[in-house]
Amino acid sequence: MLIRRPADIAPSEITSPDLYRARREFMRLSGRTALAGAATLALPWSAAEAAALANVQPNRQKIDDKPTRLKDITTYNNYYEFGVDKDEPAKNAGVLKTRPWTVIVDGLCNRPRRFAIEDLLKLAPLEERIYRMRCVEGWSMVIPWVGFPLASLLKLVEPQGSAKFVEFTTLYDEKIMPGVKYPILDWPYTEGLRLDEAQHPLTLLAVGLYGEELLPQNGAPIRLVVPWKYGFKSAKSIVHIRLTEKMPGTAWNKAAANEYGFYSNVNPKVDHPRWEQDTERRIGELTKRKTLLFNGYDEVAPLYAGMDLKKNF
Ligand code: MTE
């Protein structure tokens with residue numbers, strides 16, 4: 001799987017942050033694969049879970065963008081259940097308990113199942129994927145995720161022929177989530193993908209980043225990552241995945257259908273009513289850069305062959 005290098009990335013940017021370099025050096029010296037090394041260093045996962053990381057695949061992507069600082073990725077967040085300001089999720093989400101955790105996968109499939117998080121961690125080899133993330137608000141990051149393809153999970157439950165969409169529902173817990181008392185969204189936060197989008201090899205279920213277990217503010221213990229779509233499609237702290245025939249409603253689309261379409265593919269030619277989309281500010285950089293169609297992931301274009309992307313925004 002090749003991630004093309006956008007023309008506007010200078011060679012000088014191809015340097016990882018110190019922390020990342022140090023981890024890679026550790027992995028090189030210890031002869032371990034990416035995450036096995038990181039697990040030894042920092043992961044608070046149980047011994048059994050850490051053992052599941054022994055087979056982590058090193059990053060197979062070719063992306064030259066400089067990863068965003070870990071501090072920015074973990075303190076500049078959108079997780080409205082824990083507050084609307086960017087620094088609130090990091091302050092408030094620490095109370096999120098990620099064990100025990102179950103994800104129900106059901107709907108139009110032959111083998112509906114409840115997966116314990118421990119089973120999800122062992123379901124497929126964990127991979128490191130360095131992806132660009134573009135928020136509809138006009139900022140972007142580059143995040144080294146750890147996870148596995150959503151397609152591996154869907155294959156296990158055997159989608160039926162009538163299944164056309166996948167709905168994601170995330171945790172709703174008013175005892176720990178101060179944000180859900182405000183009717184900003186129709187809680188719980190829900191999202192959706194077409195089945196072929198969900199099965200695309202780029203679509204990831206992330207369980208970690210920068211070689212460490214996902215922090216609550218980033219959607220622990222398991223979240224979606226769809227790198228060619230605006231960040232809000234990547235639902236955090238997933239508890240339910242349902243295969244459906246009809247296009248599911250999504251939290252943002254229900255809140256403002258003229259602002260947040262079901263597809264929400266990154267598209268510099270389709271402006272949001274409040275934010276122009278042809279440029280973006282990469283967190284940690286001063287100047288703006290051009291936004292790329294599908295966030296630069298051209299390999300997804302065939303999914304939308306023949307579709308009017310302005311109408312199906
Ligand atoms: N998932 C839930 N459950 N609640 C949210 O508020 N925010 C979305 C998405 N997933 C959100 C969510 C938005 S708007 C963005 S941009 C990304 O998460 C941000 O992910 P990050 O904070 O890990 O960068």
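Here are some worked exercises on the strands, rings and charges of a predicted model.

Local features need pLDDT of at least 70 and side-chain atom pairs count only at pLDDT 80 or more, while totals for chains, interfaces and linings use all residues. Residues are numbered from 1 along each chain as its sequence is written, and side-chain values use heavy atoms, with hydrogens and water left out.

**Exercise 1. Work out which strands pair with β4, and in which direction each pair runs.**

Step 1: Strands (E, at least two residues) and helices (H or I, at least four) are DSSP runs, numbered from the N terminus. Two strands pair if DSSP finds at least two bridges between them.

Step 2: start with strand β3, residues 127-134. Eight bridges tie β3 to β4, and the two run antiparallel.

Step 3: move on to β7, residues 204-209. β4 and β7 are antiparallel and share five bridges. Here G147 faces A206.

Step 4: finish with β11, residues 279-282. This one runs parallel to β4, with two bridges. S140 has R282 as its bridge partner there.

So what about cover: is β4 buried or exposed? Buried means under 20% relative accessible area, exposed over 50%, and partly exposed in between (1.4 Å probe, protein chains only). In β4, residues 139-149, eleven of eleven residues are buried.

**Exercise 2. Follow β11 onward to β12 and describe how the two are joined.**

Step 1: count the bridges. There are two, and the strands run antiparallel.

Step 2: pick out a partner pair. E280 bridges to R289 in β12.

Step 3: look at the turn. β11 and β12 form a hairpin with six residues between them, where G284 has a positive phi of about 100°.

**Exercise 3. Classify the ring pair Y131 and Y297, then see what else the aromatics do.**

Step 1: apply the cut-offs. Rings of Phe, Tyr and Trp (its six-membered ring) pair if their centres lie within 6.5 Å; planes under 30 degrees apart are stacked, over 60 edge-to-face, and the rest tilted. Searching the whole structure this way turns up eleven aromatic pairs.

Step 2: classify. Y131 and Y297 are edge-to-face, because their centres are 5.9 Å apart and their planes sit at 75°. The pair links distant parts of the chain: Y131 is in strand β3 and Y297 in the segment after β12 (289-290), 166 residues apart.

Step 3: check burial. Y131 counts as buried at 0% relative accessibility, and Y297 is buried at 0% too.

Step 4: F262 and Y263 are edge-to-face, 5.4 Å centre to centre with 90° between the planes. Ring pairs also gather F165, F262, Y263, F294 and Y304 into a cluster.

Step 5: A charge sits over a ring if NZ of Lys or CZ of Arg is within 6 Å of the ring centre and within 35 degrees of the ring normal. R132 lies over the face of Y297, 4.8 Å from the ring centre, and R274 lies over that of W275 at 4.6 Å.
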